[in-house]
Amino acid sequence: MKRVYVNEQWCLGCRLCEYYCAFANSNESDIVKALKDKKIHSNIRVETKGNINFAVSCRHCEEPLCVKGCITGALQKKDGLIVVDKDRCIHCYTCIVCCPYGAVSPSADGVIQKCELCAKISGNQPACVKGCINQAIVYEER
Amino acid sequence: MNYIYPEYEVVRNYARCIVCRACENQCANCVHRYIESENRMESKDDDCVNCHRCVTICPTRALKIIKSDHTFRYNSNWTGKTINEIFKQAESGGVLLSSMGNPENYPVYFDKILINASQVTNPSIDPLREPMETRVFLGSKVHKIKRDSNGKIDTSTAPQLDLSVPIMFSAMSYGSISYNAHESLAKAAEKLGIYYNTGEGGLHEDFYKYSKNTIVQVASGRFGVHKSYLDTAAAIEIKMGQGAKPGIGGHLPGAKIVGAVSRTRMIPEGSDAISPAPHHDIYSIEDLRQLVFSLKEATDYKKPVIVKIAAVHNVTAIASGVARSGADIIAIDGFRGGTGAAPTKIRDNVGIPIELALASVDKRLRDEGIRDRVSLIVGGSIRSSTDIIKAIALGADCVYIGSAALIAMGCHLCRSCQSGKCNWGIATQIPNLVKRLNPSIAYQRLVNLVTAWNHEMREMLGGMGINSIESLKGNRLMLRGVGLTDKELEILGIFHAGE
Amino acid sequence: MKHVIIGNSAAAIGAVEGIREIEKASEIVLISDEKHFTYSRPLISYYLEGKTDRAHMHYRDYDFYETNKCIPMLGVTATKIDVKKKRVLTVDNSFVAYDKLLVATGSKAFVPRIEGLDSVNEKYTFMNLDDAESLLNALRPTSRVLILGAGLIGMKCAEGLYEHVSSVTIVDLAERILSSILDAESAQIISERITSKLNILLKTSVTRFVGNTAYLTNGASIEFDVLVVAVGVRPNTAIFEDCGGKIAKGIIVNSKQETNIKDIYAAGDVCESYDMTISQNRILALLPNAYMQGHTAGKNMAGCETEMIATLPMNAMGLFGTHIVTAGAYTEQKFIDRKNGYKSLFVDGDKLKGYIIIDGIEKAGIYTALIRESVALSKEDFELIRVSPTLAAFSDAYRKGVLSGSKNK
């Protein structure tokens, strides 16, 4: 299955991926309208330490601890993709305790959110991949 | 007190700025700043070099850079530029430094030359349907038929460079540009079937794998020159001069001689890399001949030797001498050629336009019956496929592109290479900036550019009813001048439009 | 191959999914005394509160049994395991034969013997959906509710009914609330935040009930309308014990979830786990743990040898808007950070052993992974990890290892 991978060597830590992600998941057609004066909640997060930068998003683990730990069944694995049924999430955040990558997080309304590889959005590449200015984020089979 | 008012202003459309801080993150000159108490961005125009990094990456197009309209009292003689230069020198006591090519308002002859096309009597060719040859060979051609003792024609030739298209990446050293820039050029050259040039910085060990597409340079500092460096190359270039700074040497500050740059140049870390103005063993064509043959001897006469000279006033006589020195190829660099750093006054006032130099050298060599002994490469601001067509019609075999290649990779011609803080990861050795140039992107952009130019050249050749680059070479009838004086037309060897 | 599973909650569902990862066609029968489609037990407090409804409590999609080709026998109580004949007897005296059996019977509320308890009119436990339904029916806006037990179940129950009733009083013998997951300091923080909502009486217990009045050891008495007993749970081991199964506090299993009886597995709240953070077996009655044990059992039942991943206590809960996450064991050496709520990291030598985080819970799973994988802190940038759970703090090799693939360790 194709996944999003980050090549640390090329990640510049500019955090644009976070903004493109938030935009893509905003249901807005204009980026300014979507993100201006808002605290963004992105499914990909850049981490920085000294000269090292890298973005982290859901690995779509083969043995996903978040799905196994989810107490309501809101997190599910569908065709390899780990998705959230937002209606069933009750904000207990057991998944946050389970995920070894820190790749699930609460959204603005508290429901858990995570990268779903832009599966619900048209286009053949996730927004973070498309928006990365240095091709540090790639979408490929490994 | 700072006399210099910022040249550019950063204009931020606050209605569009989403405070993502990417501009702040990506500006090596620290122009952008986040004001936490107000949750907004602020810019400091003083430090902006107008490189467009922030403008390009801004996800909401909230930024643009404009030229400041701050002005001095009008004066045609004492322009603001001149006054500011004096301020700078009165402050620093130093030589003014600049980068990239001469930006001043001299005539660009390429822009005053028009290309011909066929109509009726000599049908044009559709390059999509009919063969169109853009392949060229560079090197000394056979100028006399020789037969062996049996009367059979000797078909051997001097070593040649084989190019799919008459474009090469000109010399830019590892040190003046980054590792990633070098890798991009090397990969693109390999993919395109052309050559790139190491410049006088040696060849990084990682790039030996591109040796089939590598021209190595031997310059006055002799940095990075050793046996395997010569052996590995496809051709060797002796750099006698550079269009951006004819008559002077080079100086890469010790601060840039770090790590791999130091190793590759074979000089200690932190020591300045000073390339002398002359080669201290070359004071005549005979001396040059010695170096040419030393290099040929060292490499078994298997590689063509290029001699690169700057286009200066007596370039024709120099070229004639070089052609007789045993060199296989002469590269002429016009006064608009780029540089990683040069004294401003030299860059902007020394040398002559490449168009005139090319036309007169080609004519001189033909007049002397030695044109076939050498191939001619011209550089010094080749900006487009039409510049190439015109250069070839004026007599060139091939062109060098440097600035155009850098622009393809992302250079925005902010002309601040000398600061070493290139925001595009090209003219810098700072690791955080170098990584901004991902060779897999940059290489593809180079390939795209050359491929696009190749398409355009084929179209123009076809239009002229010509089906190979070779048939265009020196074919000045395909050119006409506009707005040129009789003298200029005479030197260029072309008619005026309408004639 | 015929698999029989006694149970229909997290461990049972985990087993079904584990089996189906290996075998597509084998027969699976689920026997559950509850009549409901598989639902999420922890949701009952949210159900009480009104934050969810019956339509959203299903633990798996409604086509789960069909998609996974299992036969649910719901509302059927398994009464006996016949080990010799390899079959499970049910309350209606029929039997279900098995090749492999999973005991995932969960736990039941522990109701202590208290004088006069029988005389209490409205008394409930709070373990399953039926409990929640009954309790909900008993509640009136004027109700005064007394909850015995300030543990996870008691506190979540209190939160669930707080809005519906006139007052809630909680009594617990322990000296702090949520004593199984919080230490004194963190419990204090939570107590302060909820003190205006609940009447919490600690270090005391009920000595006797007289009608709807509870008399406490500290001499006080409380009048109430509804009583909820939430002092603890006990594993439902009886059916397994009766057929000769080995029990300690719960069913004893090995790392493949096998019991001492051939072809019988156990998973979930009914059995013990090896808690790696204290190097001891104990009952870890937690949903993620139940699922994972079930999943491990299922894979082994289907013939794929699989070991249960390292187990540690983990809890995540929201309580009156405050988010609390905890994991592992609480050792002597701790690093406390109050910058963003409260965070306490518990360290033993070179290893992270546990944590308690209130409010700033993001990325807490990175801490969990440090505990689970027994990462040597000296090899990573613990100074940075202490400030925030970030992968940047890890060595290049570790970081690239985890980020370049899809298999977590």
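I started with the contact between chain A and chain B, which takes 20 residues from chain A and 23 residues from chain B. Contact here means heavy atoms within 4.5 Å. The two chains bury about 1800 Å² between them, 55% of it on carbon and sulfur atoms. Buried area is the accessible area (1.4 Å probe) that two parts lose on being put together, summed over both. On the chain A side, A:Trp10, A:Leu12 and A:Lys36 supply 27% of the area that chain A buries against chain B, more than any other three residues.

Ground rules, before I forget: this is a predicted model, where local features need pLDDT of at least 70 and side-chain atom pairs count only at pLDDT 80 or more, while totals for chains, interfaces and linings use all residues. Residues are numbered from 1 along each chain as its sequence is written, chains are lettered from A and ligands numbered from 1 in the order in which they are written, and side-chain values use heavy atoms, with hydrogens and water left out.

Next, the other chains. Two pairs of chains are in contact, and chains A and C share the most contacts. I found no contact joining chain B and chain C; their closest C-alpha atoms lie 17 Å apart.

Then I went through the domains, whose bounds come from an automatic or database domain assignment. Chain A splits into domain 1 (1-57 + 120-142) and domain 2 (60-114). Their centres, taken over C-alpha atoms, are 19 Å apart. Nine residues of domain 1 of chain A touch 14 residues of domain 2 of chain A. I get about 810 Å² buried between these two domains of chain A, with carbon and sulfur atoms giving 47%. A:Met1, A:His41 and A:Asn43 supply 52% of what domain 1 of chain A buries against domain 2 of chain A, more than any other three residues.

B:Ala28, B:Cys51 and B:Arg53 supply 47% of the area that domain 1 of chain B buries against domain 2 of chain B, more than any other three residues.

On to helix pairs. Helices (H or I, at least four residues) are DSSP runs, numbered from the N terminus. Axes are lines fitted to C-alpha atoms, for helices over the stretch in contact, and angles run from 0 to 180 degrees between N-to-C directions.

H11(B) passes H14(B) in a right-handed crossing, meaning that the near helix is turned clockwise from the far one by less than a right angle. Among the residues making the contact are B:Ile388 and B:Ile389 of H11(B) and B:Trp453 and B:Met457 of H14(B). By class, I have six nonpolar, two polar and one charged residues in the contact of H11(B) with H14(B). Ala, Val, Leu, Ile, Met, Phe, Trp, Tyr, Cys and Pro count as nonpolar, Asp, Glu, Lys and Arg as charged, and the others, Gly among them, as polar.

Last, chain C: helix H1 (residues 10-22) packs on helix H8 (residues 287-301) at about 35 degrees, with axes 6 Å apart. The H1(C) and H8(C) crossing is right-handed. Residues in the contact include C:Gly14 and C:Gly18 of H1(C), and C:Gly294 and C:Gly298 of H8(C). I noted 10 nonpolar, five polar and three charged residues in the contact of H1(C) with H8(C).

Technical notes: Helices (H or I, at least four residues) and strands (E, at least two) are DSSP runs, numbered from the N terminus.
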